[in-house]
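Have a look at the structure first, and then we can walk through it together.

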Amino acid sequence: MDYQELYRATLAKWGEEAQYDQAVEECAELIASLKHLKRGKVEEEVIIEELADVTLMVGQLTYMFGEERVQKAVERKIAKLRVLLKSDDGM
């Protein structure tokens with residue numbers, strides 16, 4: 001099963017609202033884990049696992065909202081970042 005098939009099946013089984021909630025939950029777990037890492041309370045492997053969960057949810061949300069729309073937004077953000085990097089370097 002490829003990712004798009006998986007995303008379709010997930011939406012069919014649980015619906016969009018549940019996936020929004022799941023994305024929020026996974027992001028919150030990553031945030032909490034990063035705070036714990038900063039304090040030395042978790043190992044990097046925990047962060048990697050949480051990143052994997054968030055990555056899957058980002059893929060799901062991208063599928064839901066449209067890959068092309070998300071890609072265009074990413075490209076706009078990258079262009080802004082490049083401008084910021086140049087201005088910080090004094091270029």
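Two residues are in contact when heavy atoms of theirs lie within 4.5 Å. The model you are looking at is predicted, so please read the values below as computed from it.

Let's begin with Thr-62, which sits in helix α2, a run covering residues 44-65. Once neighbours within four places in sequence are set aside, Thr-62 is in contact with Glu-67 and Val-70. Is Thr-62 buried or exposed? Its relative accessible area is 17%, and because buried means under 20%, Thr-62 counts as buried.

**Aromatic pairs**

How many aromatic pairs are there? The count comes to 3. One of them joins Tyr-3 and Tyr-7: their ring centres are 6.2 Å apart and their planes meet at 20°, so this pair is stacked. Planes under 30 degrees apart count as stacked, which is the cut-off behind that label. Both tyrosines belong to helix α1 (residues 3-38), and because they are 4 residues apart there, about one helical turn separates them.

The accessibility of Tyr-7 is 10%, so this residue counts as buried. Tyr-7 also pairs with Tyr-63: here the ring centres are 6.0 Å apart and the planes are at 45°, so the pair is tilted. Since Tyr-7 lies in helix α1 and Tyr-63 in helix α2, this pair ties together parts that are 56 residues apart in sequence. Taken as a group, Tyr-3, Tyr-7 and Tyr-63 are linked by ring pairs into a cluster.

| Residue | Relative accessibility | Class |
|---|---|---|
| Tyr-3 | 56% | exposed |
| Tyr-7 | 10% | buried |
| Tyr-63 | 24% | partly exposed |

**Out to the surface**

Which residues make the nonpolar surface patch of about 460 Å²? They are Met-1, Tyr-3, Leu-6 and Leu-56. Tyr-3 is exposed, at a relative accessible area of 56%, and Tyr-3 is also linked by ring pairs into the cluster with Tyr-7 and Tyr-63.

Methods: Residues numbered from 1 in each chain as written. Predicted model: local features only at pLDDT ≥ 70, side-chain atom pairs only at ≥ 80, totals over all residues. Heavy atoms only, no water. Helix = DSSP H or I, 4+ residues; strand = E, 2+ residues; numbered from the N terminus. Buried < 20%, exposed > 50% of the residue type's maximum accessible area, 1.4 Å probe, protein only. Phe/Tyr/Trp six-rings, centres within 6.5 Å; stacked < 30°, edge-to-face > 60°. Patch = residues over 30% accessible without salt bridge, like charges linked within 9 Å, V, L, I, M, F, W, Y side chains within 5 Å. Areas by Shrake-Rupley, 256 points an atom, 1.4 Å probe, with all protein chains shown as cover. Salt bridge = Lys/Arg side-chain N within 4 Å of Asp/Glu carboxyl O.
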